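The structure is shown first, and the points follow by topic.

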There are 2 protein chains.
Amino acid sequence: MKDGKTIEELERIFHPRGVAIVGASNNNGNLGKFFLDGFIQQGFDKDNLYVVHPGEQEVIGVKAYPTAQDIPGDVDLAVVFSPRETVPKVVRDCSMKGIKGVVICTSGFGEKDSEGIRLEQEIVEISRRNGTRLIGPNCVGIYCPSSNLVNFAGVMPKESGPVGMFSHSGSLSVMFPVAAATQGIYFSKAVSCGNVCDLNESDLLEYFGQDPETDIIIAYMEGVVEGRRFYRLARQVSKVKPILLWKGGTSDVGSRAASSHTGALTGSAIVWEAVFKQTGMIKVDSAEEMLDYLQAFYFLPLPRGNRVAIVSGMGGMGVAIADACIEYGLEIAQLSQYTRKRLDEVVPQMGTCTDNPVDLGMLSTFNSQLYVDTIEALGKDEGVDMLLITRGSWKSDYMEKVLAVLGEVEKPIVFVTTPARKRVMEEPLPMKGVAFYTDGRRAALVLSKMVAYNRFRSDN
Amino acid sequence: MKDGKTIEELERIFHPRGVAIVGASNNNGNLGKFFLDGFIQQGFDKDNLYVVHPGEQEVIGVKAYPTAQDIPGDVDLAVVFSPRETVPKVVRDCSMKGIKGVVICTSGFGEKDSEGIRLEQEIVEISRRNGTRLIGPNCVGIYCPSSNLVNFAGVMPKESGPVGMFSHSGSLSVMFPVAAATQGIYFSKAVSCGNVCDLNESDLLEYFGQDPETDIIIAYMEGVVEGRRFYRLARQVSKVKPILLWKGGTSDVGSRAASSHTGALTGSAIVWEAVFKQTGMIKVDSAEEMLDYLQAFYFLPLPRGNRVAIVSGMGGMGVAIADACIEYGLEIAQLSQYTRKRLDEVVPQMGTCTDNPVDLGMLSTFNSQLYVDTIEALGKDEGVDMLLITRGSWKSDYMEKVLAVLGEVEKPIVFVTTPARKRVMEEPLPMKGVAFYTDGRRAALVLSKMVAYNRFRSDN
């Protein structure tokens with residue numbers, strides 16, 4: 001299979017002329033009906049939606065046909081929910097109809113038992129013979145807001161954005177777009193690829209690597225089908241777009257669980273450590289980390305170096321954040337003579353420190369201008385690559401004033417919002433040049449990942 | 001100095017008959033006035049409040065006296081904000097008046113310059129000579145809600161609770177009580193001990209160790225004055241009360257910053273690793289971790305062992321959380337035959353897993369009862385020491401139903417709330433037996449700390 005061809009096939013899957021929902025029925029709790037409803041809610045043109053079901057005439061206002069071959073209009077994508085034993089016939093019917101992409105949501109295949117393994121082999125053979133491409137089985141389908149494809153009704157954002165995702169976990173392919181939207185981060189596509197019996201991690205990585213709608217790639221993976229190809233692609237794509245990879249199943253038990261989850265062979269933790277190092281992919285270890293990193297790569301410019309300036313209104317916090325920065329390989333920036341002089345002018349004498357980490361003292365809580373002047377001075381210092389600020393001021397004009405000077409800084413700026421401050425006032429959403437975290441240590445880790453990625457890009 | 005005497009002295013400081021605010025004036029932005037106002041807002045009896053200032057008659061309705069010796073009523077505590085050069089005389093005056101506790105908030109002493117070091121030595125000598133005890137200098141004072149002492153006006157909770165804190169960082173001694181209150185966690189006392197020129201970490205640890213109002217001790221420390229005594233006390237107190245210690249200044253730069261912050265000698269990271277291991281103190285590495293651990297020790301029973309049962313409605317999340325649990329030294333519990341049988345009865349077949357980690361499948365989002373039955377079955381399993389549940393159900397009756405069965409479980413139960421779920425519904429506050437975290441990895445870390453602490457208590 002040529003790569004260019006696969007990209008073209010995926011392009012058509014993401015932007016289908018018509019979609020058939022196979023196995024949707026009027027039964028209560030029917031999953032196909034739930035997804036059909038999702039497509040309608042998401043704004044997919046009802047005239048290009050079809051139900052395939054042997055016993056239904058119509059499901060929530062959409063006409064049903066006994067088989068895919070009976071559908072009159074053009075269909076490029078089928079999403080299958082019918083029982084596993086019917087799936088080989090469904091794939092055959094779809095091929096006959098000329099449907100190029102079949103997403104099999106039905107589970108109970110390779111991840112389940114020997115009969116499931118046999119059935120999975122059978123559908124792969126049918127699809128190969130007919131040039132039909134499969135996603136899944138055991139997945140929740142495709143989310144693509146620009147063409148109104150949806151994987152979970154009612155909660156997926158309608159806005160498109162530059163994040164492309166593929167995931168062995170269906171629920172994470174739902175969870176991340178929903179969670180990220182609360183920070184104003186949107187997705188181009190999210191693909192739940194389940195047992196990857198045909199289209200796999202490498203195909204999707206290659207697609208996103210060249211997709212003009214995608215600037216950042218995130219993934220949850222338990223194993224990898226074509227290890228070498230994935231490695232080569234990851235190294236190549238990382239040079240252009242950051243890849244945030246959460247690798248599950250690295251422990252023995254995790255690995256066993258992954259095998260019952262998606263039938264994946266997970267690979268050892270040591271091998272994966274090396275893969276991360278050599279490919280420039282960014283290693284993610286939890287859902288929260290994924291959202292942390294995503295926020296940074298979405299909103300911040302890459303830092304030019306590893307020198308951080310720390311500003312706090314709490315000396316203890318500044319000390320502890322400096323510890324964390326150093327632990328994660330950042331350098332505490334040496335401030336220039338000019339900057340020190342400027343800080344000595346603006347920062348009051350008592351209970352403060354104008355060396356880096358800069359401590360503005362507790363009364364800075366009531367002094368927005370002090371933060372503004374400090375950020376401005378540090379932003380101009382050529383020896384500072386990025387700023388990490390524990391937000392002190394509780395004045396309502398604070399963020400407005402700070403944001404006014406940020407345009408001139410053009411370095412990553414990260415604010416740490418303490419839970420105490422959050423109690424007093426609402427934070428703004430992250431925005432170009434500025435990200436927000438609730439913990440200094442997490443912020444330091446995020447910045448270290450950006451530094452490492454920038455270094456990979458410079459070296460390769 | 002006998003220990004029993006120090007405890008008695010601290011007891012009087014925490015419950016003073018009268019308080020003198022030294023250096024409060026009617027000037028705009030005067031820190032003493034701000035604190036005086038804080039005492040009044042907190043509910044401290046105005047009749048037992050006094051201002052000491054050479055040039056004022058009255059400050060916000062509180063009568064002022066030229067020196068402490070001029071105050072007519074009984075005073076056990078003075079809180080000092082006057083300029084550093086006046087502090088030796090202030091301490092002398094307080095001693096003459098018979099005030100046994102002087103909290104020096106003024107900064108610019110040992111942490112600042114040679115003149116500051118000299119002044120600090122002078123006030124220590126004066127206090128020793130007169131039997132007056134000092135807290136600070138360079139601190140923000142004492143918070144003790146049961147006697148209406150307050151360190152920062154307007155934000156401190158009025159409720160008392162079982163958490164005792166001491167901190168080299170003044171702002172953290174404010175931040176933690178404010179932040180913890182949002183989770184229903186309250187403090188007995190929080191002491192900002194600044195440069196610890198007299199009463200030090202060991203004195204406070206010993207006090208909290210025997211304080212009937214305190215069940216959990218938390219601390220932010222940059223260094224330690226009496227290392228051996230602190231070590232001995234920590235080991236002893238840990239057997240009865242958990243000590244959550246955030247140690248700042250462990251890196252070179254952090255250490256330098258700490259020295260300019262509170263003049264502390266911080267000690268090497270390696271030494272501190274050993275201290276944590278041998279004393280049973282719980283190592284905290286960030287503000288968020290402190291709040292995470294505090295929630296657990298506040299609301300959860302200690303786990304009897306390290307065997308965890310994981311429940312998810314997202315297979316990928318379950319796999320990744322199992323990885324994190326193992327990384328942190330927990331064991332994935334082997335479920336009993338009986339539990340497996342029970343789970344096979346209640347959990348639907350498709351896209352689920354009844355082995356641990358238990359995966360209830362994506363549709364569990366709409367099935368509260370499924371979670372309830374699963375939690376009940378796992379709770380009864382003798383081979384399960386604690387439960388870690390990724391909350392799946394978005395039904396409004398979910399938590400109510402779950403909480404109804406939790407009473408019978410009597411094991412630590414931790415829920416992981418995904419940001420996506422948070423968007424759909426409000427979480428309840430943590431409560432007896434139940435804690436909430438926003439990340440599975442963080443939850444696994446928390447449980448591992450509880451297991452380690454329980455092991456220390458059993459072994460010692």
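Helices α12(A) and α13(A) are roughly antiparallel to each other, because an angle over 145 degrees counts as such. This is a predicted model: local features need pLDDT of at least 70, side-chain atom pairs count only at pLDDT 80 or more, and totals for chains, interfaces and linings use all residues. Residues are numbered from 1 along each chain as its sequence is written, and chains are lettered from A and ligands numbered from 1 in the order in which they are written.

**Helix pair in chain A**
- α12(A) (residues 337–346) and α13(A) (residues 368–380) pack at about 175°, with axes 10 Å apart; angles run from 0 to 180 degrees between N-to-C directions.
- A:T339, A:R342, A:L343 and A:V346 of α12(A) meet A:L370, A:D373, A:T374, A:A377 and A:L378 of α13(A) (contact: C-beta atoms, placed from the backbone, within 7 Å).

**Helix pair in chain B**
- α6(B) (residues 201–210) and α7(B) (residues 227–238) pack at about 20°, with axes 9 Å apart.
- α6(B) and α7(B) are therefore roughly parallel (angles under 35 degrees).

**Strand β14 of chain A**
- In β14(A) (residues 307–312), six of six residues are buried (20 or more other C-beta atoms within 10 Å of the residue's own).
- A:R307, A:A309 and A:V311 point one way, and A:V308, A:I310 and A:S312 the other.
- β14(A) pairs with β15(A) (residues 331–332) in the parallel sense over two bridges (pairing needs at least two DSSP bridges).
- A:V308 has A:I332 of β15(A) as its bridge partner.

How values were computed:
Helices (H or I, at least four residues) and strands (E, at least two) are DSSP runs, numbered from the N terminus. Angles under 35 degrees count as roughly parallel, over 145 as roughly antiparallel, 65 to 115 as roughly perpendicular and the rest as oblique. A residue is buried if 20 or more other C-beta atoms lie within 10 Å of its own, exposed if 12 or fewer, and partly exposed in between; C-beta atoms are placed from the backbone. Two residues are in contact if their C-beta atoms, placed from the backbone, lie within 7 Å.
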